[in-house]
Amino acid sequence: MSIATAAPELGVKTRIEYDDAPVRQFMIASIGWGIIGMLVGVLIATQMGVWQANFKTSWLTFGRLRPLHTNAVIFAFVGNMMFAGIYYSTQRLVKARTASRLLSQIHFWGWQAIIVAAVITLPLGLTRGKEYAELIWPIDIAVALIWVIFAVNFFWTLARRNEPSLYVAIWFYIATIITVAMLYIINHLSIPTSWTHSYPIFGGVQDALVQWWYGHNAVAFFLTTPILGIMYYFLPKAAERPVYSYRLSIVHFWSLVFIYIWAGPHHLLNTSLPGWLQSLGMVFSLMLWAPSWGGMLNGLLTLRGAWDKLRTDPVLKFFAAGITFYGMATLEGPLLSIKSVNAFSHYTDWGIAHVHGAALGWNGFMAAGMFYWLAPRLWGRRLHSVAAANMHFWLGTVGILIYTAAMYVSGITQGIMLGATKEAGTVLSYPNFLDAVTSTRILMHLRALGGLMYLAGFIILAWNIWRTARGAQAVNGSIEVYVPEKPATMGLGGGFFNAPVIYTTLLLVFLSGWAALPTLPSGLSIVGLVATAMAMSMHKEFTKTSWSAWYERLLENALPFTALTTVAVFIGGLVQIIPTVMISTANNVEGMRQIPYTPLELAGRDIYIREGCYNCHSQQIRTLVGDVLRYGDYSKLGESIYDHPFQWGSKRTGPDLAREGGKYPNSWHFFHMRDPRQISPGSTMPDYPWLFRDKTEIAALPNKLAVQRRIGVPYKMMTDAEIQEACATQAGLIADDLKNAGAEVPPEREIIALISYLQKLGKSEKVTPIESMQAAAK
């Protein structure tokens, strides 16, 4: 609400009461969902060392709960925290009440409904089988709709602002809203086969690139940029100090949003991904270190003159530690994107240490600091217990250190053992994959202990906030402002067609040409680079114009600022995605082309994905000596072109399965799925008794095969009867073979379909370049 009075010399004086009810709602939801997500995390960490903790129950296995844990922490805990911080800070930065209370409430309740849907569907095995993008298509549509509602409310509020200029935190919020929408929609493009199942339109290497373009930048623009915006608002407030450097924040923002989007391919180093994309991802990941540390230093140096407060103020403790963890994670990330380092660290627990150091230290501690700062202001009462908040800080810090130390030691151990060779690099030193599993088991227990300590800290936070709010009256902030005259607007043309943008664009174009083009064009690009730099210097010297004045005008106009941000983000995505998506997969197979799955094998593959096997097993043999000696020849582009979704994986708790087909008899897989320790002593894999009870869903196959044909898999037309007959014939052969081996099971059971899929892995046909071209022309 607002009350206006006249003040002719200054304009209209208005008293604004902020709408802080959504802030309280999102904050409480974040704490609640955070505890649930962390509790699930502790359970699955325990399962890594104690397989019995899977309880022989389908919806409690690691493969099904791990996606629930990641989605709960990312979208429920950090998502709700982010919304609370944005709703609170935006109103105060623009000196205007949130535009629509109705949209805020639809946003809140819609987001919680999405989370509840995820909590129900993921343990049931309803998943798309892509990391951080597991939610089924109806929920994906709901996410997009609620995100649009949030965006409308946010930009509507900006349009009604009483503060002419956009503060740095708002810049990061704008980048988050635009980029997350782009990433989420493109990566979730799918064709449904039913209300609970779909296949992504991308497959093989295309799907891998799009997925990690999304996966890496979901970290960037959901877990990083909005939290940086929150840092730029709440840290100066808590420290009662101005941001250290406004100029550094400008460099930090624009370099971060431009560079971050290019770095996704570093998740696919040494794989079948084209080499130029791997190099591109590595180079931009290394470049990312500079802007990331610019933001970290800007945050820490904001505390200058306030370091003494860290002894007594738990809010500043959390903020300072959180920013430090951010700095460590953003140094380690570029390090892990170097090909030689990645060859050692990828698929090991080193990656687990990296992401949890960032998530627990950066996101978790920034959330805790913000909650402790907000609670007294939202309920008009001092924090119930500063001592409990300090206890939370030290519990959380020690918990993170125990967790990450255990995972670093485990990751390094795994990297050494799985890559070690002898006899001049011709023989594996540890041929049994389980040696690396059993050697690190004690570290899995330490991991669970560290996670439990961190969870205990957040339970203390929940109690402290509850005691603070109990019996208190909710308080909405208010402010008196003079409504300023609307500044002269800058259109889109003014945002793009001006000296700073034109010169920056030319510099980037010539720099790219110098780096990517052959000798002669590269030399011409250097000439263009030098000429542009000279022209830019002369332009500034002779016109005596200040580019900072143009930027200040830009900040008073949200539309051109948003448009420039969108372009900065889109460039990297377009350069990476379009060439890979447009390329003919049938014409680029490296001499090997995948043989499409039979109907029964396709059903088995969907069971494999449902059980979350991709969380522990990869299907990508890298171009490394250790991988080739252990699993066979390295994977080619064509060997996964019909995989929708791709299953290259990102962590090997078990061995790679890219060439599993035919390696063992059917009975081996039968007994292995019934009791893994019967076949592989020391295994931490859970039992799967329901696969021997439940029937394969053959009735769904006609729709699934029809969709597979639509997305490019060369299936011939089959009637429902032909599909059933094909499945019955293949299942009967497998069942007869099992019976002869003393493993009798009806042919309609899911275990039969899964075995058929596992025996198909690695089955490809050799093709000549002419055959590839003929296939592409069809």
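**Pockets and cysteines in close-up**

**View 1. Lining of the largest pocket, by residue class.** The lining of the largest pocket has 30 nonpolar, 7 polar and 3 charged residues. Ala, Val, Leu, Ile, Met, Phe, Trp, Tyr, Cys and Pro count as nonpolar, Asp, Glu, Lys and Arg as charged, and the others, Gly among them, as polar. This is a predicted model, in which local features need pLDDT of at least 70, side-chain atom pairs count only at pLDDT 80 or more, and totals for chains, interfaces and linings use all residues. Residues are numbered from 1 along each chain as its sequence is written, and side-chain values use heavy atoms, with hydrogens and water left out.

View 2. The space inside is about 1,700 Å³. A pocket is an open set of points on a 1 Å grid over the protein atoms alone, where a 1.4 Å probe fits, with protein on both sides within 12 Å along at least five of seven lines; lining residues have an atom within 4 Å of a point. Of 40 lining residues, Trp-254, Phe-258, Thr-504, Thr-505 and Leu-508 lie nearest the centre. Helix α18 gives the most to this lining, 12 residues. Helices (DSSP runs of H or I, at least four residues) are numbered from the N terminus. Domain 1 (18-470) and domain 2 (491-548) both contribute to the lining, so the largest pocket lies between them. The domain bounds come from an automatic or database domain assignment.

**View 3. The second largest pocket.** Its volume is about 790 Å³. Lining it are 39 residues, with His-617, Gly-654, Pro-655, His-672 and Met-685 closest to the centre. By class, the lining divides into 21 nonpolar, 13 polar and 5 charged residues. Helix α24 supplies the largest share, 4 residues. Domain 1 (18-470) and domain 3 (592-777) each provide at least three residues of the lining.

View 4. A search of the whole structure finds 0 disulfides, a disulfide being a pair of cysteine sulfur atoms within 2.5 Å. For Cys-613, the nearest cysteine sulfur is that of Cys-616, 8.1 Å away. Cys-613 has 13% relative accessibility and counts as buried; buried means under 20% relative accessible area (1.4 Å probe, protein chains only).

How values were computed: Buried means under 20% relative accessible area, exposed over 50%, partly exposed in between (1.4 Å probe, protein chains only). Grid points are joined across faces, edges and corners, and a volume is the space filled by probe spheres set on the points. Helices (H or I, at least four residues) and strands (E, at least two) are DSSP runs, numbered from the N terminus.
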